[in-house]
Amino acid sequence: MMLENLAATEALAARLATLARPGDAILLSGELGAGKSAFARAFLRAAAGDAGLEVPSPTFTLVQSYALPGGGQAHHLDLYRLGDASELAELGLEEMAQDIMLIEWPERMAEPPEGALRLHLSILDEDRREARLEGWEGRL
């Protein structure tokens, strides 16, 4: 799927936020600058119903959590700085699995969550990205 600009990435994120359910994981992969954090930010704002929600990058904290309307939470994980997969236990990944998880750099995990939606973003030029989605059969 072609994403012509940031607004298209944000629209995709908002659409997927309407389809996400507790227990879902979305695995965000792609090179630096491909738009993983921009996608996550737009997804979380849409899921929370708050266009002005502050969504800092969890690059240094590794995890940021957000309360969602109607209960539940969404967790944004950035595993780029993870030393190795054994550190995931320290983050509380098992406890987060009941909520929605957006995971940047899932390649750093030994085993990604089962049934996850995989979103790979590729840079085509300064504005355009290509998005490849895999998973969530019957929902997309």
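Analyst: Buried means under 20% relative accessible area, exposed means over 50%, and partly exposed lies in between (1.4 Å probe, protein chains only). The structure is a predicted model in which local features need pLDDT of at least 70 and side-chain atom pairs count only at pLDDT 80 or more, while totals for chains, interfaces and linings use all residues. Residues are numbered from 1 along each chain as its sequence is written, and side-chain values use heavy atoms, with hydrogens and water left out.

User: Why does Leu133 count as partly exposed?

Analyst: The relative accessibility of Leu133 is 31%, which falls between the limits for buried and exposed, so the residue is partly exposed. Leu133 is placed in strand E7 (residues 129-134).

User: What makes Met1, Leu133 and Leu140 a nonpolar patch?

Analyst: A nonpolar patch joins side chains of Val, Leu, Ile, Met, Phe, Trp or Tyr within 5 Å, each residue having over 30% relative accessible area and no salt bridge. Leu133, at 31%, therefore passes the area limit. Together with Met1 and Leu140, Leu133 gives the surface patch about 280 Å² of accessible area.

User: Why is the pair of Tyr80 and Trp105 called tilted?

Analyst: Ring centres must lie within 6.5 Å to pair, with planes under 30 degrees apart stacked, over 60 edge-to-face and the rest tilted. For Tyr80 and Trp105 the centres are 4.9 Å apart and the planes stand at 50°, so the pair is tilted. It is one of two aromatic pairs in the whole structure.

User: Why does Arg139 count as lying over the face of Trp136?

Analyst: The rule asks for NZ of Lys or CZ of Arg within 6 Å of the ring centre and within 35 degrees of the ring normal. Arg139 is 4.1 Å from the ring centre of Trp136 and lies over its face.

User: What is the exposure of Arg128 and of Asp125, which form a salt bridge?

Analyst: Arg128 has 28% relative accessibility and counts as partly exposed, and Asp125, at 33%, is partly exposed as well. Their closest N and O atoms are 2.9 Å apart.

User: What makes E1 and E3 edge strands?

Analyst: Strands pair if DSSP finds at least two bridges between them. The open sheet of seven strands has the order E1-E7-E6-E2-E5-E4-E3, with mixed pairing. Strand E1 (2-3) and strand E3 (63-67) each pair on one side only, which places them at the edges. E1 and E7 are antiparallel and joined by two bridges, with Met2 opposite Glu130 in E7.

Notes:
Phe/Tyr/Trp six-rings, centres within 6.5 Å; stacked < 30°, edge-to-face > 60°. Patch = residues over 30% accessible without salt bridge, like charges linked within 9 Å, V, L, I, M, F, W, Y side chains within 5 Å. Areas by Shrake-Rupley, 256 points an atom, 1.4 Å probe, with all protein chains shown as cover. Salt bridge = Lys/Arg side-chain N within 4 Å of Asp/Glu carboxyl O. Helix = DSSP H or I, 4+ residues; strand = E, 2+ residues; numbered from the N terminus.
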